[in-house]
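Please open the structure in a viewer and keep the selection tool at hand.

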Amino acid sequence: MDQDIANIHHDNGQLRTVSFQDGSSIAIDVLYADPIFKEHTSLPSSIGCKLTDKKRISITPDQQTSILGVYACGDCTSLMRSIAAAVASGNLTGP
Ligand SMILES: Cc1cc2nc3c(=O)[nH]c(=O)nc-3n(C[C@H](O)[C@H](O)[C@H](O)COP(=O)(O)OP(=O)(O)OC[C@H]3O[C@@H](n4cnc5c(N)ncnc54)[C@H](O)[C@@H]3O)c2cc1C
């Protein structure tokens with residue numbers, strides 16, 4: 001949904017409809033948020049690493065950033081935020 005939400009309606013916690021600022025509404029069963037992440041450090045962008053549109057460090061399949069020889073792994077590179085995903089990406093990192 002790209003429209004501005006006005007209200008979320010429910011019956012005893014069961015989602016029913018979302019209404020929008022423009023007056024329209026849709027029936028829903030579930031709702032997922034797509035939050036905008038912000039890193040605690042600006043180090044990657046300060047050294048010139050390209051970021052994705054979701055503000056993750058942009059990487060190749062072997063975890064290289066846009067700077068030759070600089071690699072990144074874990075949460076800063078992925079929307080799949082879990083220890084398993086972070087460890088797995090660490091295993092893939094490097095030449
Ligand atoms: C509240 C919460 C609950 C979670 N529960 C689970 C769970 O149950 N199971 C699960 O699998 N995952 C869980 N996660 C996600 C999991 O913690 C992360 O996916 C995982 O820790 C990512 O590891 P990482 O090494 O990429 O990043 P991090 O563990 O965040 O490590 C990054 C490190 O870099 C350091 N750092 C940052 N900036 C700088 C800087 N400028 N200089 C030096 N150091 C810096 C930070 O202090 C930190 O120690 C949870 C996360 C949160 C926030």
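Select Ser 66 to begin: this residue lies in the loop between helix 1 and helix 2, where helices (H or I, at least four residues) and strands (E, at least two) are DSSP runs numbered from the N terminus. The model is a predicted one, in which local features need pLDDT of at least 70 and side-chain atom pairs count only at pLDDT 80 or more, while totals for chains, interfaces and linings use all residues. Residues are numbered from 1 along each chain as its sequence is written.

Is Ser 66 buried or exposed, or in between? Ser 66 counts as partly exposed because it has 14 C-beta neighbours inside 10 Å. The rule calls a residue buried if 20 or more other C-beta atoms lie within 10 Å of its own, exposed if 12 or fewer, and partly exposed in between, with C-beta atoms placed from the backbone. Leaving aside neighbours within four places in sequence, Ser 66 is in contact with Cys 49, Lys 50 and Ser 58; two residues are in contact if their C-beta atoms, placed from the backbone, lie within 7 Å.

Next, select Gln 63, which is found in the loop between helix 1 (43-46) and helix 2 (83-92). Gln 63 counts as partly exposed because 19 C-beta neighbours lie inside 10 Å. Its phi is near 70 degrees, a positive value in a residue other than glycine. Most residues other than glycine have a negative phi.

The next selection is the largest nonpolar core, with five residues: Ile 57, Ile 59, Ala 72, Cys 73 and Cys 76. Such a core is a set of buried Ala, Val, Leu, Ile, Met, Phe, Trp, Tyr and Cys residues joined through C-beta atoms within 7 Å. Centre the view on Ile 57: apart from neighbours within four places in sequence, this residue is in contact with Pro 44, Cys 49, Leu 51, Thr 65, Ala 72, Cys 76 and Thr 77.

Turn now to the ligand. Which residues are around it? Select His 40, Thr 41, Leu 43, Gly 74, Asp 75, Arg 81, Ser 82, Ile 83, Ala 84 and Ala 86; a residue is near a molecule or strand if its C-beta atom, placed from the backbone, lies within 6 Å of it. By class, this shell has four nonpolar, four polar and two charged residues. Here Ala, Val, Leu, Ile, Met, Phe, Trp, Tyr, Cys and Pro count as nonpolar, Asp, Glu, Lys and Arg as charged, and the others, Gly among them, as polar. Helix 2 gives the most to the shell, with three residues.

Follow helix 2 along its length. Helix 2 is hardly covered, as the count of buried residues among its ten residues is one. After helix 2 comes Gly 94, whose phi is positive, near 110 degrees.

Move back to the loop between strand 3 (25-27) and helix 1, where Glu 39 is found. Glu 39 is partly exposed, with 14 other C-beta atoms within 10 Å. Glu 39 and Thr 77 are 38 residues apart in sequence and 11 Å apart in space, C-alpha to C-alpha. Lys 38 lies in the loop between strand 3 and helix 1 as well, and counts as exposed because it has 7 C-beta neighbours inside 10 Å. From Lys 38 to Ile 26 the separation is twelve residues in sequence and 30 Å in space, C-alpha to C-alpha.

Proceed to strand 1 and select Ile 5. The C-alpha atoms of Ile 5 and Gln 21, 16 residues apart along the chain, are separated by 5.9 Å. Asn 12 sits in the loop between strand 1 (5-11) and strand 2 (14-20). Asn 12 has a positive phi, near 50 degrees, and counts as exposed, with 4 C-beta neighbours inside 10 Å.

Finally, zoom out to the whole chain. There are two helices and three strands, in the pattern β-β-β-α-α along the sequence. The chain is divided into domain 1 (1-33) and domain 2 (43-92), with bounds from an automatic or database domain assignment. The C-alpha centres of the two domains lie 34 Å apart. Along its principal axes, the C-alpha trace spans about 55 × 25 × 20 Å.
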